[in-house]
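Open the model in your viewer and keep the selection tool at hand. The stops below go from the whole chain to single residues.

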Amino acid sequence: MKFTTLVCITFIVVLVSFLAPINSVNQACDKIEITGCIPAILYGDKPTPECCGKMKAQQPCFCDFIKNPVFNKYVTSPQARAILKFCGIPYLTC
């Protein structure tokens, strides 16, 4: 009986460890990462390579950001569109 319990606990731990990264990917769309984009947003400067990299990495989240009332005004602003255009990222309408 103890061996069976140990095998079941091990199975659950392994299963949860495989599912944890999947959950963290879904949570990635809960915040916008704008590192390196502040001068481009505030002053209209050219986006830095770091900014473009962050925007490209978050591209799968754009529709979630557009649908979220907290992030919508940032993602749909003229500054955001200019940054995406400069970085070669197509603007999505969802």
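Start with everything selected: the protein chain exposes about 6900 Å², and carbon and sulfur atoms supply 68% of that area. Accessible areas here come from the Shrake-Rupley method with a 1.4 Å probe, and for residues only the protein chains shown count as cover. This is a predicted model, in which local features need pLDDT of at least 70 and side-chain atom pairs count only at pLDDT 80 or more, while totals for chains, interfaces and linings use all residues. Residues are numbered from 1 along each chain as its sequence is written, and side-chain values use heavy atoms, with hydrogens and water left out.

Next, switch to a cartoon view. The protein chain has 6 helices and 0 strands. Helices (H or I, at least four residues) and strands (E, at least two) are DSSP runs, numbered from the N terminus. Of the 94 residues, 21% are buried; buried means under 20% relative accessible area, exposed over 50%, and partly exposed in between (1.4 Å probe, protein chains only).

Now select M55, F65, I83 and I89. Of the 16 residues in the largest nonpolar core, these four touch the most other members. Helix 3 (49–57), helix 4 (62–67), helix 5 (69–75) and helix 6 each supply at least two residues of this core. A nonpolar core is a set of buried Ala, Val, Leu, Ile, Met, Phe, Trp, Tyr and Cys residues joined through side-chain atoms within 4.5 Å. In soluble globular proteins, nonpolar side chains tend to be buried together.

Stay on M55. Leaving aside neighbours within four places in sequence, M55 is in contact (heavy atoms within 4.5 Å) with E33, I34, C37, F62, I83, L84 and I89.

Go to L42, in helix 2 (residues 38–43). Is L42 buried or exposed? L42 counts as exposed because its relative accessible area is 56%.

Select S77, in the loop between helix 5 and helix 6. At 14% relative accessibility, S77 is buried. Its side chain reaches the backbone nitrogen of A80 at 3.1 Å.

Finish at R81, which sits in helix 6 (residues 78–86). R81 is partly exposed, because its relative accessibility is 42%. Not counting residues up to four places away in sequence, R81 touches T76 and Y91. Then select L92, 11 residues from R81 along the chain: the C-alpha atoms of R81 and L92 are separated by 9.9 Å.

Definitions and conventions: A polar contact is a pair of N or O atoms within 3.5 Å; within protein, one must be able to donate a hydrogen and the other to accept it, and residues adjacent in sequence count only if both atoms are side-chain atoms.
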